[in-house]
Structure formats: structure tokens, C-alpha cells
Amino acid sequence: MSPEQVRANFERIRSEVGPNVTIVAATKYVSVEEMAVLAEAGIEVVGENRLQDLLAKHATYGSVFRWHFIGHLQSRKAPLVSELCELCHSLASESAARKLTIPALVEVNLSGEPTKSGVSPDQLQALLEAYPDARGLMTMPPATGDPEESRPVFRRLRELAERHGLRDLSMGTSQDYRIAAEEGATYVRVGAVLWQR
């Protein structure tokens with residue numbers, strides 16, 4: 001995939017979500033070598049899921065991108081994430097909150113799926129009190145073939161954020177980022193759509 005094609009995809013996404021949404025390039029399936037394509041394409045913000053991949057990619061491209069952590073945050077990994085990233089999208093425990101030193105978004109599990117990380121809505125207040133530097137909320141809706149099915153989940157997250165006086169919302173991935181933007185996302189996390197031919 002050429003940097004020009006990635007740039008064209010990025011610009012199309014930008015036109016669809018508008019200037020007030022930060023597009024985070026999800027790099028979970030991007031090799032260290034392929035990060036060069038993102039750099040050449042002019043991508044500014046990247047989001048990594050796994051600490052070991054973050055370490056490897058940051059070692060080569062540390063100053064090229066702004067780094068976000070978007071994967072499950074374990075408390076023992078929080079100090080390194082704090083060192084390398086400007087924002088964590090996935091704070092979900094008080095133990096991790098005690099070791100994190102950067103702004104964060106609290107991950108909320110709105111679907112109640114046991115396989116998903118995140119606090120339940122009724123646990124949110126306690127975590128916000130434990131971490132005053134929480135800037136907003138993040139969620140992952142249930143997997144679906146129809147992006148419209150994510151809308152009620154995104155709307156619930158926005159309402160939850162408003163109730164708690166939080167501004168930022170990280171929601172929407174390659175399949176439903178347009179819906180997320182319509183429902184108030186300030187961050188969308190896109191991967192596969194950037195690499196489409």
C-alpha cells in the first residue's frame with residue numbers, strides 16, 4: 001500500500017467526520033516496517049493496543065507520531081504507557097488509575113458483554129473520583145454487520161459523558177466511525193479503512 005493511497009483514505013475519513021474529530025490510526029495489525037507508510041502519509045496520531053508493540057514501534061518512530069494507548073490497560077503496564085503516550089483511551093480500574101500519570105478516557109462497557117473490558121455505568125462515578133484527570137469516555141459496541149446498530153450505544157455514551165461533565169468521546173472504528181462522529185465522537189479509532197485500495 002502506498003503512502004499516497006493511505007493519505008487519500010485519511011483525507012476522505014477527515015471529510016466525513018469533520019475537523020473537530022481526532023482520527024487515531026489503530027496500529028494493532030501494522031508492522032514496525034509499515035509504520036513508515038503512515039509517517040509518509042502524514043498521519044499524526046497513532047493508537048496501539050499492546051504494550052510490547054508500542055515499545056517496538058515507539059523505539060523507531062517515537063518522535064514521528066503522537067501516541068495513544070487504546071488496548072486493555074493493566075496496572076503493571078500503566079507506568080510505561082504514561083511514559084510513551086499522551087492519552088490512554090482504556091482506563092477501567094482503580095489499580096491502573098493509581099499508576100497512570102497521563103490524561104485518560106474511562107472505558108465503559110455498555111453492552112454488558114463479559115468478553116469486553118470496561119466499567120459498568122454504575123461503577124463510573126467511583127472511577128472518575130479515583131482519577132481526576134479523566135477527560136472523557138470510550139466504548140466498544142457489540143460487533144455487528146450494520147453500523148446503524150452502534151448508534152444507540154454511542155448515544156448512551158454521549159449522554160453518560162454529559163451527565164458527568166466530560167467532553168471527550170472515543171468511539172467508532174473502521175466500520176462505524178461515521179455514525180460515531182454523528183453522535184458526538186471526538187476521537188475515532190480506524191485501522192483497516194486506512195489501508196483500503
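Two strands pair if DSSP finds at least two bridges between them. Helices (H or I, at least four residues) and strands (E, at least two) are DSSP runs, numbered from the N terminus. The model is predicted: local features need pLDDT of at least 70, side-chain atom pairs count only at pLDDT 80 or more, and totals for chains, interfaces and linings use all residues. Residues are numbered from 1 along each chain as its sequence is written, and side-chain values use heavy atoms, with hydrogens and water left out.

**Exercise 1.** Determine the sense in which strands β1 and β8 pair.

*Solution.* Strand β1 covers residues 22-26, and its pairing with β8 is parallel, over 4 bridges. Within this pairing, Val24 stands opposite Arg189 of β8. From β8 (residues 187-190), Tyr187 and Arg189 point one way, while Val188 and Val190 point the other way. All of these are buried (under 20% relative accessible area, with a 1.4 Å probe and protein chains only; exposed is over 50%, partly exposed in between).

**Exercise 2.** Classify the pair formed by the rings of Phe65 and Trp67.

*Solution.* Rings of Phe, Tyr and Trp (its six-membered ring) pair if their centres lie within 6.5 Å; planes under 30 degrees apart count as stacked, over 60 as edge-to-face and the rest as tilted. By this rule there are 2 aromatic pairs. The centres of Phe65 and Trp67 are 5.8 Å apart with planes at 90°, so this pair is edge-to-face.
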